[in-house]
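Trainee: I would like a close look at one strand and its partners. Please take me through it step by step.

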Amino acid sequence: MAEISASMVMELRQRTGLGMMECKKALTEAAGDLTKAEELLRIKSGAKASKAAGRVAAEGVVGAYLAHDGKLAAMVELNCETDFVSRNEDFVAFAKALAQLVAEKNPADVAALAALPLAGGTVESVRVALVQKIGENMSIRRFVRFTTAARLVQYLHGGGRVGVTVEFEGGDDAVGKDVAMHIAASIANIRPVCVSRDQVPADLIEKERAIYTAQVAAEGKTGDMATKIVEGKINKFLASVTLYGQPFVKNDKDTVEKHLKASGTSIKSFALFVVGEGIEKKKDDFAAEVAAMAKA
């Protein structure tokens, strides 16, 4: 049996990025042949990647890119399986690289982004290599791109679990950043769906009106009084779901709109990404799993 030295294991580890024990086992199986051991690991890592692809990736990070002139920006949500991996340097760097690609290349969708050149291969080949190296499923979920004649600011919160991009006119970057922070903080309460009342979808308003009308009718109120109560509820609803109508997070006596008027600032648009929102996370029941194994 060929002797497997520490230097051989280290070289194979550098070639593949996999664990030392995995590398040593592959070298032993390949009788010390580095090339054959690398091939074995690629085969086995490929199998691991295929298996990982079936697992839920609901953790992750928002990768963000903002051009120096503040006219071009992008955000990408990159998912993984565990919070631990979401802090991995290679994973975070990949997310940032994706955001820059989205900004500069303007892909039509996630599939087009995956096909773009990156690091001597494609985005997809880099993703697969990272899955093989780390051993967790990873997926590019969504992205947003901004280009404007106005100005853009970004804010990342919670290590990149929340990402906000704001497009604004007037004022300075500090004012824009305050608004971005307000939007990030809104996830603990009511998230704005748009900037101002005139942008709220009509079907959403009608849905709320139908609910309020039914509530008022159940209370026995009719006629003009019922109409006034319903419209009052609609006004409160519109204030809560529009950025301008919300109490400003740094001074809840002012609305965001009133706060911005003081600096002559207006918000044109914004995007809010919260990692994993809407993804059903698998909840493991360890006790049930042990019981099932005992029965087997």
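Mentor: This is a predicted model. Start with the hairpin. Strand S6 (residues 151–157) pairs with S7 in the antiparallel sense, over 7 bridges. Histidine 157 stands opposite valine 162 in S7. Between the two strands of this hairpin lie 4 residues. Glycine 158 sits in that turn, with a positive phi of about 65 degrees.

Now take S7 itself, residues 162–169. The strand is mostly covered, with 7 of its 8 residues buried. Buried here means under 20% relative accessible area. In a regular strand, side chains alternate between the two faces of the sheet. Keep that in mind when reading the burial count for S7: 7 of 8.

Next, the other partner. Strand S10 (residues 266–274) is joined to S7 by 8 bridges. S7 and S10 run antiparallel.

For contrast, turn to a helix. In H2 (residues 20–29), Cys23, Ala26 and Leu27 are buried. They lie on the same side of H2, because they cover an arc of only 100 degrees around the axis. Met21 and Lys25, on the other side of H2, are exposed. Just after H2 comes alanine 31, with a positive phi of about 55 degrees.

Methods:
Residues numbered from 1 in each chain as written. Predicted model: local features only at pLDDT ≥ 70, side-chain atom pairs only at ≥ 80, totals over all residues. Heavy atoms only, no water. Buried < 20%, exposed > 50% of the residue type's maximum accessible area, 1.4 Å probe, protein only. Arc of directions from axis to C-beta. Pairing = 2+ DSSP bridges.
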